[in-house]
Amino acid sequence: MGSKNKLKRFKENETFSNVIQPNREAVKNGFDKKGKWNDFFGNDNPIVLELGCGKGEYTVGLAKQDPNKNFIGIDIKGARLWRGAKTALEDNLKNVAFLRTQIELVDELFDKDEVSEIWITFPDPQIKYKRTKHRMTNESFLAKYKRILRPDGLMHLKTDSEFMHGYTLGLLHGLGLEINYANHDVYKNEGSPKEVLELQTFYEKQYLEKGKPITYIQFKVH
């Protein structure tokens, strides 16, 4: 994508009613929507996050499937996030918002028990050992998710990375956390939830064309 196109999208994001772009300092000093997300949406419906949402395919797709939940996509890349935000506005989806910020701030953005579900879709597996601290299912991140998720809250990990799938399963077993469902090839083995099979991201389609198996884990952190 050209830099002019990116700048145009950044400008457009500033005009979108469903895009929030707090700076890091504002988040650290007490984010004004923390604990008040239901006020933002104007209802008491459950809140679902997509972390590293990219173009927001899951955020928008899930919102269309379930109008009785509120969906928030979080990503630092504004030019990608623009696509999901624009689609949500064009489709008049009132239960969708996008947050442009760093994912490691997630527990500064949401209050205790404020979130019902978290989706992590095709994260960078950060395979090198020195990148462990950046893996989105490491112990530090799981602790952040636990702080904001309700006690019955669900986590979803969908990835093309066998490494990420295995690493996460091993960690969950080691921590004694509840794994509701795990599948190392969702399109070959039966049993995955329909939203895992029916919604596909831009990258997922590319992985499938290359014949890569797609994995999925549903688990709890409480």
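## A tour from sheet to pocket

Start with the strands: eight of them form an open sheet with mixed pairing, in the order β1-β4-β3-β2-β5-β6-β8-β7. Select β1 (19-20) and β7 (179-183) next; they stand at the edges with a single partner strand each, so one side of each has no neighbour in the sheet. Strands here are DSSP runs of E with at least two residues, helices are runs of H or I with at least four, and both are numbered from the N terminus. Two strands pair if DSSP finds at least two bridges between them.

This is a predicted model, where local features need pLDDT of at least 70, side-chain atom pairs count only at pLDDT 80 or more, and totals for chains, interfaces and linings use all residues. Residues are numbered from 1 along each chain as its sequence is written, and side-chain values use heavy atoms, with hydrogens and water left out.

**Stop 1: β3**

Select residues 70-75. This is β3, which pairs with β2 in the parallel sense over five bridges. Pick out Ile47 and its bridge partner Asn70, then Val48 and its partner Phe71. Is β3 enclosed or open to the outside? Six of its six residues are buried, so β3 is largely enclosed by the rest of the structure. Buried means under 20% relative accessible area, exposed over 50%, and partly exposed in between (1.4 Å probe, protein chains only). In a regular strand the side chains alternate between the two faces of the sheet. Colour Asn70, Ile72 and Ile74 for one side of β3, and Phe71, Gly73 and Asp75 for the other; all are buried.

**Stop 2**

Show α7 (139-148). It packs on the sheet and touches β2, β5 (115-121), β6 (149-159) and β8 (215-219). The direction of α7 makes about 140 degrees with that of β6. Contact means heavy atoms within 4.5 Å. Axes are lines fitted to C-alpha atoms, for helices over the stretch in contact, and angles run from 0 to 180 degrees between N-to-C directions.

**Stop 3: the largest pocket**

Display the largest pocket, which holds about 790 Å³ of space. A pocket is an open set of points on a 1 Å grid over the protein atoms alone, where a 1.4 Å probe fits and protein lies on both sides within 12 Å along at least five of seven lines; lining residues have an atom within 4 Å of a point. Of the 32 lining residues, Gly52, Ile103, Pro123, Asp124 and Met136 lie nearest the centre. Which element gives the largest share of the lining? That is α7, with three residues. By class, the lining has 11 nonpolar, nine polar and 12 charged residues.

**Stop 4: two positive phi values**

Most residues other than glycine have a negative phi. Select Asn92, whose phi is positive at about 55 degrees. Asn92 sits in the loop between α5 (78-90) and β4 (96-100) and is exposed, at 51% relative accessible area. Move to Gln126, with a positive phi of about 50 degrees. Gln126 lies in the loop between β5 and α7, and at 13% relative accessibility it counts as buried.

**Stop 5: Gln65**

Finish in helix α4 (residues 57-65), at Gln65. Gln65 is partly exposed, at 33%. Leaving out residues up to four places away in sequence, Gln65 touches Lys194, Glu195, Glu198 and Leu199.

Terms used. Points joined across faces, edges and corners; volume = space filled by probe spheres on them. Nonpolar A, V, L, I, M, F, W, Y, C, P; charged D, E, K, R; others polar.
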